[in-house]
Amino acid sequence: MTYRFCCLTSVLALSAGFAQADTFNRIASFPTHLNIGSGDQAVETSAEIIAATADGMTLVYTDSPLGVIGRIDITDPANPTPLGNIDVNGEPTSVGIVGNVAFVGVNTSESYTAPSGRLAAVDTVTGEELSSCELPGQPDSIAVAKDGSFVAVAIENERDEDLGDGRTGQLPAGALTLVQIADGVADCDTLINVAMTDLAEISPEDPEPEFVDINSAGDVIVGMQENNHMVVVGRDGVIKNHFSAGTVDLENIDATDERAALIFTESQSDLPREPDAVKWIDDTHFATANEGDMDGGTRGWTIFNAGGTVVYDAGTNFEYAVIQAGHYPDKRSDSKGVEPESIETATFGDTPMVFVGAERASMVGVYDVSDLANPVLTQLLPSGIGPEGYVAIPSRNLLVSANEVDLIEDGGVRSHVMIFEYSDADATYPMITSAGADSLIGWGALSGLAAVDDTTLVAVNDSFYSYQPTIFTVDVSATPAQIVTATPVTRGGYPAQKMDMEGIAVDGQGGYWIASEGRIDRNVPHAIYHVDADGAIDQEIGLPNALLGVQKRFGFEGITVVGDTLWMAVQREWEDDAAGLVKLVAYNLETEEWGAVHYPLETPATGWIGLSEIVAQGDYVYLLERDNQIGANAVVKQITRVSLDQMVPAPLGGDLPVVTKELVRDLLPDLTSTGGYVLDKVEGLTFTPNGTAYVVTDNDGVDDHSGETMFWALDGLDD
């Protein structure tokens, strides 16, 4: 069962200028460390699998690092509040809820060779454990029947990936366990263990059931990821059908992660789907998220019927949409690309939907599956990092994602639960996309911005894509803003190397000035470049010794033109700068003289503060000033301005005049306006001739980042 895909294989409703009523928009984000309460919140937490109580008012998620299930009150879904954690005395792997009782799979294994676990029933209101059934091995996914009559548990008995080259064939074998529910708790005496051996072609002796779901008829669909096999089991434990999940051939993908460039010209053949999550759409069809693990992963998702026939396969459809939204994780190109891991299904209004979560791209695709053979991708939603689980609550028009990655050890963003509301409103995300361009354009890590005219901007990517420096042309008359072309920056006809483009300005003659931030430990020079309309570098301006002698890593972060002078903002203090003062550097194109003034930074309580952009508009230069903090720790994200009459450069090497800044706009409210956490890197700012300002954030190439890019307009800043 092999399918071949080289282009978009379903109808795409996503395109530049597309807006619709009845859409999902994020309304809140809940950081899971808040459930720790008065304890030490500077520890790793993780929202993984998530479920909702019958009334839809309480969310319950598994938190493996803490060994707890966390609870969130969403009576007011736009303002979720912590209800605290419940210790489950082991590693919670999955949760399903009947009424207010949570059924939790708890891993208690001592080792890979001695797996064990239990099924705990927990009162989500009181926190009391009501019952506990010993399981015949290590549980992974669990599902509860829609009528609340029984629970299915995938006993994975996962392999040790450090042994046997990480291959299957490590016993004891996994299985499926079924347990009846009586009086709101599991009746341990009814436990049925369903053997899964001798079914799959791959390691038939070592099945590793990964995910389970139950339809309204009581049939259990079991996905065995590493075995690339699907099994349909009746509620009585009788196997009704089983079949291979099949393989896919993919063309025009990026399959190399070492070149720091988005190049979609490669192919991979005979890839096993290796589904992770699986969910019934109706009683005879189910959807799989084809994440891959051991040998496969097809970057998409599939609809099967219960007989094993493929009704639909996304091929490159889903990944291409993610690419166009700027969420493609280039460092995962040689592995599994966007890694669809999670699936949720539900009907909102009269529309049956499938929600596909991309773990590495941190996006949720919303598909209308009214026609199962021709799903329509209607939306892409931004999530936190590493979406692991979803729960749909149609009765309240809500969709919830649990995002497992917590970067507390690296000073990054915390694990979050995000809440989306389905309403009669236009979609707020993505804010910028390359959908609708004449060819597939991958993009990310946007830094500098410049305006060509009232409806056309240009943006540059930074050194994350060091082998693909690019100028992107953006049509801001479209909604969302549309990247229409991508112009490579070249030197001698080849992609320019040793550049970190952090600022761009138009030269008024069809070309551009580009500021490149240097990094001496990587032999990247601090420099200014002029490129023509085709992106070819035709002039390079190196820094004078007066600057090179005091250089540090954090250099030019913006460039603008004032008359015959280029002005560049240095991000942070260099060796000859007093604490809290950074240089605005001037270079006169006529006299070739250098000079500078000092700009006073805010004083951070934690982390550091620097400049990210400079742009001249009217009688001022406007600057982006930000800290390097993210989420709730962010304090300073702002636009300031300095009067041009203060921008009188003094010679380098001596005392520099200190300019006076004026706060123009606090950007923190803008950065939380779409229900997410505060992104750390506000990187680009420009003004169109009519005075409209545009701001963009840098998504770090989706590396330890959600991939979310915010791009928005501000009117009246230059009043």
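Let's start at Cys133. Its relative accessibility is 1%, so Cys133 counts as buried. Keep in mind that this is a predicted model.

What does Cys133 bond to? A disulfide joins Cys133 to Cys188, with 2.0 Å from S to S. A disulfide is a covalent bond between the sulfur atoms of two cysteines. The structure holds one disulfide. Cys133 sits in strand β11, residues 129-135, and Cys188 in strand β15, residues 185-195, so the bond ties together parts that are 55 residues apart in sequence. The torsion about the S-S bond is about -90°, so this disulfide is left-handed. And Cys188? At 34% relative accessibility, Cys188 counts as partly exposed.

Next, charges. Side chains of opposite charge can pair when their charged atoms come close. How many salt bridges does a search of the whole structure find? The count is 29. Here are some of them.

Take Arg491 and Glu540. Their side chains meet at 2.9 Å, N to O. Arg491 is in strand β38, residues 490-491, and Glu540 is in strand β43, residues 537-542, so the pair ties together parts 49 residues apart in sequence. Arg491 has 30% relative accessibility, so it counts as partly exposed. Glu540, at 47%, also counts as partly exposed.

Now Arg626 and Glu683. Their closest N and O atoms are 3.2 Å apart.

Asp276 is another story. Asp276 is buried yet has no salt bridge. Which side chain of opposite charge is nearest to Asp276? That is Lys336, 8.4 Å away. Asp276 lies in the loop between β21 (266-272) and β22 (278-280). Leaving out residues up to four places away in sequence, Asp276 touches several others, including Glu210, Phe211 and Gln225.

Last stop, a sheet. Four strands form an open sheet in the order β3-β32-β31-β30, with antiparallel pairing. Its edge strands are β3 (23-31) and β30 (387-393), and each pairs on one side only. On average, neighbouring strands of this sheet are turned by 20° against each other, direction ignored. Six bridges join β30 to β31, residues 398-403. For Tyr390, the bridge partner in β31 is Ser401.

Conventions:
Residues numbered from 1 in each chain as written. Predicted model: local features only at pLDDT ≥ 70, side-chain atom pairs only at ≥ 80, totals over all residues. Heavy atoms only, no water. Helix = DSSP H or I, 4+ residues; strand = E, 2+ residues; numbered from the N terminus. Buried < 20%, exposed > 50% of the residue type's maximum accessible area, 1.4 Å probe, protein only. Lys, Arg positive; Asp, Glu negative; His and termini not counted. Salt bridge = Lys/Arg side-chain N within 4 Å of Asp/Glu carboxyl O. Contact = heavy atoms within 4.5 Å. Pairing = 2+ DSSP bridges. Axes fitted to C-alpha atoms, helices over the stretch in contact; angles between N-to-C directions. Disulfide = S-S within 2.5 Å.
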